[in-house]
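Reader: I am new to this structure. Please show it, and then I will ask about its inside.

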Amino acid sequence: MHPCRSLLPLGLLLVLLVGCSSPPPPPEARAVATVTASRPPININTAILSELDTLEGQLGIPALSNRIQAARPYASTEELVSKKVLTQAQFDQVKDQVSVEEVVLTGQARDVAYLTKLGLMRGHLLVAQELLVRRRPEQALPHIGHPIEEIYLDVEDQLNERQVPEFKSALLKLQDLVRFKPTSPEIAPGLQAALAAIDRAIAAVPATERAEPAFTLQVIGGLLDAAAAEYSAAVSGNKIVAQIEYEDSRGFVLHANELFARIAPALGKSHPKSEKVLAADLRRLSSAWPGIEPPGKPILSVSEVTASIQAVERTSKAVVSA
């Protein structure tokens, strides 16, 4: 989510983390807090970077996700302060959102978490695809790497349990092609193979469950939470200062829109007013990303993006609770 993220030797990583400043969070970054308030606590000992990004975006602290990982393990959440990862004032803002206890998800909640992580993978690859079409392999490379480095390990056990063929090798092959043979004609089919593998993993959840609007709206909520965190890191003042984070958030919203399009007909029959409201709110939210190229200045501020996501989540909650 930030320029300090990479797979580096621990010593070098720690040097970089020390060099990352921790300025007071700007007001707009703090606006992300209410988007994530209803989510299960984040386990700071086991959470992947994409999950920790929610805290980073909320507090507006560069490289916080990596700093939390580097200071593991934690016996209590208060060690975020004693280990100097956060100040007491910063910790007080997020103390109800973090935990050191493992939350064991079962049933539908487990399926929602599984599809959300696969959705983050798909969002990354959708952005990589846009960049590769524009012949920008160097820009595409991080979006191929993030699913491998940040997410795959977290879903690997579930892939095995659900009897999904492994596809890390397909992602690694694509990564190597883009890195070492950026003009290879094998890249386009390799990307399609990776996307198809993710789709097969998604299909391991029963189609009847995925067709339920109330279920898919929860997955959309998880994707939009991640988009909010990335967008808050991308924007500072009235400028987009972090292109990768802008691209990340765009990819997550693209996939959220894909999912909504699939449930819109059924939602229109069961909850016609909610379908219209959600469609309008998602259109407004999506206007923040007019294309893969960041606009000269943000179309929507962080607080406006947050407000749009809050609106989507309020309407979604009413549908889920019905």
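Reader: Which residues of the largest nonpolar core touch the most other members?

Author: This is a predicted model, where local features need pLDDT of at least 70, side-chain atom pairs count only at pLDDT 80 or more, and totals for chains, interfaces and linings use all residues. Residues are numbered from 1 along each chain as its sequence is written, and side-chain values use heavy atoms, leaving out hydrogens and water. A nonpolar core is a set of buried Ala, Val, Leu, Ile, Met, Phe, Trp, Tyr and Cys residues joined through side-chain atoms within 4.5 Å, where buried means under 20% relative accessible area with a 1.4 Å probe, protein chains only. Of the 70 residues in the largest one, those that touch the most other members are Leu-118, Phe-167, Leu-224 and Phe-260.

Reader: Between which domains does this core lie?

Author: Domain bounds come from an automatic or database domain assignment. Both domain 2 (109–205) and domain 3 (206–321) give residues to this core, so it lies between domain 2 and domain 3.

Reader: Which residues is Leu-224 in contact with, leaving aside its neighbours within four places in sequence?

Author: Contact means heavy atoms within 4.5 Å. With those neighbours left aside, the partners of Leu-224 are Val-253, Ala-256, Leu-282, Leu-285, Ile-309 and Val-312.

Reader: How many of the 27 residues of H8 are buried?

Author: Helices are DSSP runs (H or I, at least four residues), numbered from the N terminus. Helix H8 covers residues 107–133. H8 is largely enclosed by the rest of the structure, because its buried residues number 20 of the 27.

Conventions:
Helices (H or I, at least four residues) and strands (E, at least two) are DSSP runs, numbered from the N terminus. The expected span of a helix is 1.5 Å times one less than its number of residues. Buried means under 20% relative accessible area, exposed over 50%, partly exposed in between (1.4 Å probe, protein chains only).
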